[in-house]
Amino acid sequence: MSILKIARMGHPVLRAKARALHPSEIRTPKIQQLIDDLFETMKEYQGVGLAAPQVHEGLRLFVAGFPPRKDEDEDEDDDREEGDEIPLMTLINPEIEMTSRDVVEDWEGCLSIPDIRGRVPRARHIVVRAFDRNGRKIEMPASGFTARVIQHETDHLDGILFFDRMKNFQSLTFLDEFGRYWSGHNVRAE
Ligand SMILES: [Zn+2]
């Protein structure tokens with residue numbers, strides 16, 4: 001497995017619309033390797049999601065999630081909210097349907113926009129339909145932080161960054177100031 005270079009805001013690959021994978025491509029060694037490398041890269045940079053365009057691959061595919069925290073010593077991110085844990089997932093050609101009109105605003109970060117946080121409105125409840133890494137069709141309801149991450153990553157496949165979704169830029173915050181003034185949760189980036 002390899003740790004891949006992450007494209008940063010300004011690289012055109014982040015603004016392009018990614019192409020769908022044909023189901024027969026999913027199980028090829030090239031795509032399976034890409035998925036493994038996405039997980040490895042996400043872990044290395046402590047992200048909670050990573051989309052293929054962020055590693056210069058214009059494909060409709062992302063990985064997300066982090067394993068439940070073991071009982072590490074009680075450290076400062078103990079205020080992570082219930083429901084913040086996200087199962088590891090690989091979603092290919094995802095399609096999102098909003099299942100309620102509820103919109104919630106919360107903090108987001110992005111590995112392609114390092115060390116910046118901002119508040120972004122997102123649908124609270126969604127259903128996502130996609131293929132998994134074995135090429136099986138899946139349909140998954142998601143809420144809260146999980147739904148937020150899935151929406152953020154799916155946006156990457158359409159060349160949309162979280163700045164584009166903000167109502168205004170008043171909450172834009174550097175990471176140090178975020179930690180100092182705006183609590184500690186969701187400090188991971190997508
Ligand atoms: Zn991102």
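**Briefing on the predicted model**

Asp132 is buried, because its relative accessible area is 14%, under the 20% limit for that class. Asp132 also takes part in a salt bridge with Arg136, in which the closest N and O atoms are 3.6 Å apart. The model described here is predicted.

**Overall architecture**

- The protein contains four helices and eight strands.
- Along the sequence, these elements follow the pattern α-β-β-β-β-β-β-β-α-α-β-α.
- The protein has 190 residues, of which 46% count as buried.
- Among contacts with a separation of 6 or more, 72% are between residues 24 or more positions apart.
- The protein exposes about 10,300 Å², and carbon and sulfur atoms supply 50% of that area.

**Strand 6 and its neighbours**

- Strand 6 spans residues 125-131 and is mostly covered, with five of its seven residues buried.
- Strand 3, residues 86-98, pairs with strand 6 in the antiparallel sense over five bridges.
- Within this pairing, Val128 in strand 6 stands opposite Ile96.
- Strand 7, residues 137-143, runs antiparallel to strand 6, and seven bridges join the two.
- Ile126 has Ala142 in strand 7 as its bridge partner.
- Five residues lie between strand 6 and strand 7 in the hairpin that they form, and Gly135 in the turn has a positive phi of about 85°.

**The zinc site**

- The zinc ion has four protein donors, namely Cys110 (SG), His152 (NE2), His156 (NE2) and Glu190 (O), which lie 2.0 to 2.2 Å from it.
- The site is tetrahedral, with angles of 91 to 120° among the four donor atoms.
- Along the chain, the donors follow the spacing C-x41-H-x3-H-x33-E.
- Distant parts of the chain are linked by the pair of Cys110 in strand 4 (residues 103-110) and His152 in helix 2 (residues 144-157), which are 42 residues apart.
- Cys110 is buried, with a relative accessible area of 1%, and His152 is likewise buried, with a value of 2%.

**Salt bridges**

- Side chains of opposite charge can pair when their charged atoms come close.
- The whole structure holds 15 salt bridges.
- One of them joins Lys17 to Asp158, with the closest N and O atoms 2.9 Å apart.
- Lys17 lies in the segment before helix 1 and Asp158 in the loop between helix 2 and helix 3 (162-165), so this pair ties together parts that are 141 residues apart in sequence.
- Lys17 is exposed, with a relative accessible area of 65%, whereas Asp158 counts as partly exposed at 29% relative accessibility.
- Another salt bridge joins Glu108 to Arg122, with the closest N and O atoms 2.7 Å apart.
- Glu108 is in strand 4 and Arg122 in strand 5 (residues 113-123), so the pair ties together parts that are 14 residues apart in sequence.
- Both Glu108 and Arg122 are buried.
- Salt bridges with shared partners join Glu108, Arg122, Arg148, Asp155 and Arg165 into one network.

**The end of helix 1**

- Helix 1 covers residues 29-44 and includes Glu44.
- Glu44 counts as partly exposed, at 47% relative accessibility.
- The C-alpha atoms of Glu44 and Leu4 are 9.6 Å apart in space, while the two residues are 40 residues apart in sequence.

Conventions:
Residues numbered from 1 in each chain as written. Predicted model: local features only at pLDDT ≥ 70, side-chain atom pairs only at ≥ 80, totals over all residues. Heavy atoms only, no water. Buried < 20%, exposed > 50% of the residue type's maximum accessible area, 1.4 Å probe, protein only. Pairing = 2+ DSSP bridges. Donors = N, O, S within 2.8 Å, 3.2 Å for Na, K, Ca; no water. Tetrahedral: all angles 85-135°; square planar, octahedral: opposite > 155°, others 65-115°. Contact = heavy atoms within 4.5 Å. Areas by Shrake-Rupley, 256 points an atom, 1.4 Å probe, with all protein chains shown as cover. Salt bridge = Lys/Arg side-chain N within 4 Å of Asp/Glu carboxyl O.
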